[in-house]
Amino acid sequence: MPRRRPADIARPRIVVDLSRVTFMDSSGMNILIAAHQAASSAQGWLRMAGARESVLRVLQPVGVDQVIGCHPTLEQALTA
């Protein structure tokens, strides 16, 4: 089997649906940041969708929502 060239490998496009998440701490933020960095390194992207106020209160003060695209709905995240 021939080796794949980088151009043949799909770029990751990930949307994390947070609409059912009611609590997030620094562990959750670290996972999102690591996933964002991994997707970016592979020339892809990670976006968040549907974060509740309780989750946004954790993400916004440290700017995670500015680094990782945060959209009100899943549909908006998919089409942004």
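**Before selecting anything**

This is a predicted model, in which local features need pLDDT of at least 70, side-chain atom pairs count only at pLDDT 80 or more, and totals for chains, interfaces and linings use all residues. Residues are numbered from 1 along each chain as its sequence is written, and side-chain values use heavy atoms, with hydrogens and water left out.

**Stop 1: the whole chain**

Colour the chain by pLDDT, the predictor's confidence in each residue, from 0 to 100. The mean for the protein is 92, and 90% of the residues reach 70 or more. Confidence is highest in strand β2 (residues 45-49), at a mean of 98, and lowest in helix α3 (residues 64-67), at 94.

Next, switch to a cartoon view. The protein has four helices and three strands, and from the N terminus the elements run β-α-β-α-α-β-α. Helices (H or I, at least four residues) and strands (E, at least two) are DSSP runs, numbered from the N terminus. The C-alpha trace spans about 50 × 25 × 20 Å along its principal axes. Of the 80 residues, 29% count as buried; buried means under 20% relative accessible area, exposed over 50%, and partly exposed in between (1.4 Å probe, protein chains only).

**Stop 2: the sheet**

Select the three strands. They form an open sheet in the order β1-β2-β3, with parallel pairing. Because β1 and β3 (69-71) stand at the edges with a single partner strand each, one side of each is left without a neighbour in the sheet. Neighbouring strands are turned by 25° against each other on average, direction ignored. Two strands pair if DSSP finds at least two bridges between them.

Select β1 (residues 13-17) together with β2: this parallel pair has five bridges. Arg13 has Trp45 of β2 as its bridge partner, and Val16 has Met48.

**Stop 3**

Axes are lines fitted to C-alpha atoms, for helices over the stretch in contact, and angles run from 0 to 180 degrees between N-to-C directions. Together, β1, α1 and β2 make a right-handed β-α-β unit. The crossover is right-handed if, with the strands pointing away from the viewer, the path from the first strand over the helix to the second runs clockwise.

**Stop 4: the core**

Show the side chains of Met24, Met48 and Leu59. Within the largest nonpolar core, which has 13 residues, these three touch the most other members. α1, β2 and α2 (53-62) each supply at least two residues of this core. A nonpolar core is a set of buried Ala, Val, Leu, Ile, Met, Phe, Trp, Tyr and Cys residues joined through side-chain atoms within 4.5 Å.

Centre the view on Leu59. Apart from neighbours within four places in sequence, Leu59 is in contact (heavy atoms within 4.5 Å) with Met24, Met29, Leu32, Met48, Val64 and Asp65.

**Stop 5: Ala49**

Return to β2, where four of the five residues are buried. For a distance check, select the C-alpha atoms of Ala49 and Thr22: they are separated by 13 Å, and the two residues lie 27 apart along the chain.

**Stop 6: Gln43**

Most residues other than glycine have a negative phi. Gln43 counts as exposed because its relative accessibility is 56%.
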